[in-house]
Each structure stands twice: as C-alpha cells, then as structure tokens.
Amino acid sequence: MEAPIRITLGRRARQRIAQEGLQAADVAIVPAAAGGPKGLILHGIDTWLFGEWLANAPRERRLIGASIGAWRMAASALADPVAAHKRLAHHYTHQTYPDKVTAAYVTRTVRTLLDEVLDGHGGEALRHPLYRLSIITARGIGPLAQTRGVRWREMAGFVLAAAGNAVSRARLARAMERVLFHDVRDEGAWLRERFDAFDTRFATLSDANLRSALLASGSIPLVLEAVTDIAGAPPGTYWDGGLIDYHLHLPYRRDEGLVLYPHFTDHIVPGWLDKSMPWRRARDEALDNVVLVSPSPSFLARLPNRRMPDRADFKHYGQDHAARIRDWTFAIGESERLAEALAKWVEKPDLKLAQAF
C-alpha cells in the first residue's frame, strides 16, 4: 500500500541523510508555497513540525512564504504555533461569499480573516527568539505601476504580463518585481545576490507593516484589491507573491543547512503563470539541499472529490457553504495522517522510497 506522503530529495540532502539521518537540528529553512486552500492539506504537518519536532531542536531558522504560505509561516512564528495554525485552518475554511462579489468585499473578508488568525499576537512573529520570518510580495512596475485601483487598467496590465510570461520569465520581470519583507535580524543576505530574472527589493518587517505585507502577499489580482504604499517599503502597488514565486524556486543551496519543504505537490513551479508549463518545473542545483514532503496520489484519492481543497471549490460548491466546509474540514483532519507518516520517516529515513528532483 502506498504511503500517504512522497519524499523528494536534492542530491546533497540525500547524501547528508544517508550519512547522518534526518535531524531536526539540521533544518535551517522552511519554505511555504502560495496556493490558497491547497495549503490547508499541510495543517497536520505544520502543527507537528512547529509544535513538536522543530520545537524540540531549537536553532535559528528562516521561515519564508508567499500568499497562504506566508500566513502559515507567520502562524508558525507565533508563541503558540499550534493554536495559530488551528485558527488559520478554521477561519480560512469558514470563509463564505455571496453569489456575486466584488474585490472590495473579498478584501474586507480576507482582512478580517487575517486579524482572526493573528488574534492580536502578530508582534510575536517579529520577535520570535529563533525564527526569522520573510514574506514575499509582487510589486507592479511598468503598466502595473499605473493601475490606481482601476479594474480595466489592472486587467489590461495582467493580460500583457501573462502574454510576456508565455514567452519567458524574463518578460514577466518587466511587469513586476519581488519585494521581500524580512525580519530586522535577518536581512535576507542569501537572496541579495541576483538569482533569477527579477529585481528583488528588501523591506524590514515591523508592527507598522506586518499585516499589510501578509495581506499583499495573498492579494490575488482581480479577486482582491491591491495593497498600496506599505509602510517602510518602496511606494507602489502590491499583489500576491505567488505571481513571481508560486512554489518558491529560491537559491536554497546557498545555505549549508537543510531545507525542509512541506508542499502540496511533488514538484516546484516557479511562478503562478507557469502552472500550465511543465517544462518550467525546477530541477536545478538550487534544490540540492531540499527535502520536499508532499501528499501521495493514494492519499489524495481518499479525499472528497479525490483532491485537496482548491480555490475553484468556491465556484464548485456555489452557495452550498456547508458542503464545502464539511469537505475541507475532512481534508484537514486527514492531514494528520501526513504528519504521522512524516514523523515515522524522519525517525528512520528509507531512501529507497525517496525520489529525486
């Protein structure tokens, strides 16, 4: 019977685990992908990792995410990460929307959701004694710097951006740049040397901008309103960090430690617009020290609709909110099996069952 999880290893990670096993003390970076409700399937792993395994091997760690991944990492950096992840799973699942909805309405709802997740404890994520939080956002440049909240300008700008991305990622870099909001104690040195086509700007996280940075990182174009002029950051218009960094294809190998990456799929897609382009999946040396953990096909087959929660479910279930909430709650409960399987694997890693990028 197939295990609930799949393990995908970079070359250096495999060698290290073969020699030393997988030690929590070796984990230096935890990334978290964008993907909306898909991130809910990692709830069990998140609570186990930050409530038990990593917590029992304290060391300085970088937590970095985009969109819901940024929310998950912010929850992980609070003083009670288990309670924070439970709030995130509950309130995210219980979002409801009328049949016809505006971007302003969705923005207000998501802003309230974020407040419920942080629950007045957001400052803890900035002052965790060991964890260094980074939040990825996308800032509009060129035509996307001129939208001024006008929907047709925003739509036209993203149509041009998508057309450019179809040619190359470098073309998309003419429409947006990465802005990394980072812990004041970690200036993101490993990301300051250029590693892809995109310019990267840096802004220090603070009590004045944490909430705005988290909201911006999940602001899907045309679904939510853009976030503008964030305190302490370059002026301009900010959107979902997943536009540039959907699965966080970052230069992980620059760190000597291991990267433990709980993910909802067994491959890494650079940007959100690359989802339908399998030839753009990451397979390079940047992933040398990555340990990627994802649900197996057999696990997914047992879920409602034979798949994990998805943003398309808001349309699929329509106004039957109770059915969607029921099925998402079931999937979150099943995610405990992923945590159990991972806990068993890290105790005695079986490298014969691990695939390569």
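Biologist: Where does Asp-229 lie?

Modeller: Asp-229 sits in the loop between strand E7 (227-228) and strand E8 (237-240). Strands (E, at least two residues) and helices (H or I, at least four) are DSSP runs, numbered from the N terminus. The model is predicted: local features need pLDDT of at least 70, side-chain atom pairs count only at pLDDT 80 or more, and totals for chains, interfaces and linings use all residues. Residues are numbered from 1 along each chain as its sequence is written, and side-chain values use heavy atoms, with hydrogens and water left out.

Biologist: Is Asp-229 buried or exposed?

Modeller: Start with the cut-offs. Buried is under 20% relative accessible area, exposed is over 50%, and partly exposed is in between (1.4 Å probe, protein chains only). Asp-229 has 55% relative accessibility, so Asp-229 counts as exposed. Its phi is near 50 degrees, a positive value in a residue other than glycine.

Biologist: What is phi of Leu-248, and where is Leu-248 found?

Modeller: Phi of Leu-248 is near 60 degrees, again positive in a residue other than glycine. Leu-248 is in the loop between E8 and strand E9 (258-262). At 0% relative accessibility, Leu-248 counts as buried.

Biologist: Which residues touch the most other members of the largest nonpolar core?

Modeller: In soluble globular proteins, nonpolar side chains tend to be buried together. A nonpolar core is a set of buried Ala, Val, Leu, Ile, Met, Phe, Trp, Tyr and Cys residues joined through side-chain atoms within 4.5 Å. Here the largest core has 101 residues, and Trp-53, Phe-181 and Tyr-252 touch the most other members. Helix H13 (residues 321-347) gives the most to this core, nine residues. Another core, of twelve residues, lies apart from it, with Leu-144, Ala-173, Met-176 and Trp-239 among them.

Biologist: Which residues is Phe-181 in contact with?

Modeller: Contact means heavy atoms within 4.5 Å. Leave aside neighbours within four places in sequence, and the partners of Phe-181 include Leu-133, Ser-134, Ile-135, Ala-203 and Tyr-238. Now take Ser-134, found in strand E4 (residues 131-140). Ser-134 is buried, with a relative accessible area of 6%. With its neighbours within four places left aside, Ser-134 is in contact with Leu-63, Ile-64, Gly-65, Leu-180, Phe-181 and His-182.

Biologist: How many residues of helix H2 are buried?

Modeller: H2 (residues 43-53) has nine of its eleven residues buried. Among them are His-43, Asp-46, Trp-48 and Trp-53.

Biologist: At what angle do the axes of H4 and H5 cross?

Modeller: Axes are lines fitted to C-alpha atoms, for helices over the stretch in contact, and angles run from 0 to 180 degrees between N-to-C directions. The axes of H4 (residues 81-93) and H5 (residues 103-118) come within 8 Å and cross at roughly 155 degrees. Angles under 35 degrees count as roughly parallel, over 145 as roughly antiparallel, 65 to 115 as roughly perpendicular and the rest as oblique. H4 and H5 are therefore roughly antiparallel to each other.

Biologist: Which residues make the contact?

Modeller: H4 gives Ala-84, Arg-87, Leu-88, His-91 and Tyr-92, and H5 gives Leu-113, Glu-116, Val-117 and Leu-118.

Biologist: Where is Arg-111 found?

Modeller: Arg-111 is in helix H5. At 32% relative accessibility, Arg-111 counts as partly exposed. Neighbours within four places in sequence aside, Arg-111 is in contact with Arg-211 and Leu-215.
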